[in-house]
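Here is a short briefing on one protein model.

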Amino acid sequence: MTHLIYLAAGASRRFGADKLLADYNGKPLFLHGLQTLAAVCGGRSDADLTVVTNTPAVAEAARALGARAVPSPHSLQGQSYSIRAGLDAVGPLEAEDFLLFAVADQPRLRAGTVRRFLDLARPGTWAATAACGDRVGNPGLFCAALVPALQDLQGDRGGRAVLNRHPERLLRVECEPEELRDIDTPADLP
């Protein structure tokens with residue numbers, strides 16, 4: 001099983017308000033990625049979707065799309081807390097399971113890219129990252145053996161700290177440059 005975990009509990013400090021609710025091309029920013037992930041998971045028996053959020057509108061939309069919504073009460077202390085909330089929600093994993101972490105401020109993530117990650121979730125894969133040329137980013141795929149390292153993250157450290165430990169084992173999922181672009185400030189909106 002591949003557990004897709006959508007991280008939507010950030011503080012939006014640089015944005016100045018809850019950026020996930022900001023309008024992005026006619027709908028809330030968070031909804032773009034959420035709909036993409038839910039569409040990919042729909043009808044699959046080998047993937048499920050969990051949304052980590054403290055925003056009621058995000059949780060409601062997640063449940064409406066068939067995803068599980070879980071809170072991250074300590075997310076203001078850093079991304080590691082949201083990661084742990086997602087890990088706790090999916091419960092004990094089997095050795096052959098995978099985790100795919102995606103972030104809610106990358107609205108241009110494409111379904112085809114997500115499917116390529118799911119295709120890599122098989123024996124022999126350690127981890128994978130989205131990449132375009134020399135640039136890497138989210139989403140990130142992790143085998144179940146990496147869960148202890150993810151649980152040990154502290155503060156605002158994310159999964160990249162785990163992926164960077166063994167770059168020689170890291171697979172790349174090539175994507176378009178706009179898929180890696182995140183929204184951090186109001187100036188980043190179209």
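Residues 24 or more positions apart supply 69% of the protein's contacts (heavy atoms within 4.5 Å) that have a separation of 6 or more. The model is predicted: local features need pLDDT of at least 70, side-chain atom pairs count only at pLDDT 80 or more, and totals for chains, interfaces and linings use all residues. Residues are numbered from 1 along each chain as its sequence is written, and side-chain values use heavy atoms, leaving out hydrogens and water.

**Overall fold**
- The protein has 6 helices and 9 strands; these are DSSP runs, with helices (H or I) of at least four residues and strands (E) of at least two, numbered from the N terminus.
- The C-alpha trace spans about 40 × 35 × 35 Å along its principal axes.
- Of the 190 residues, 52% are buried, meaning under 20% relative accessible area with a 1.4 Å probe, protein chains only.

**Strand β6**
- F98, L100 and A102 point one way from β6. L99, F101 and V103 point the other way.

**Neighbours of β6**
- Strands count as paired if DSSP finds at least two bridges between them.
- Strand β1 (residues 2-8) runs parallel to β6, joined by 6 bridges. Here L7 stands opposite V103.
- Strand β8 (residues 135-143) pairs with β6 in the antiparallel sense over 4 bridges. F142 in β8 is the bridge partner of L99.

Terms used:
Buried means under 20% relative accessible area, exposed over 50%, partly exposed in between (1.4 Å probe, protein chains only).
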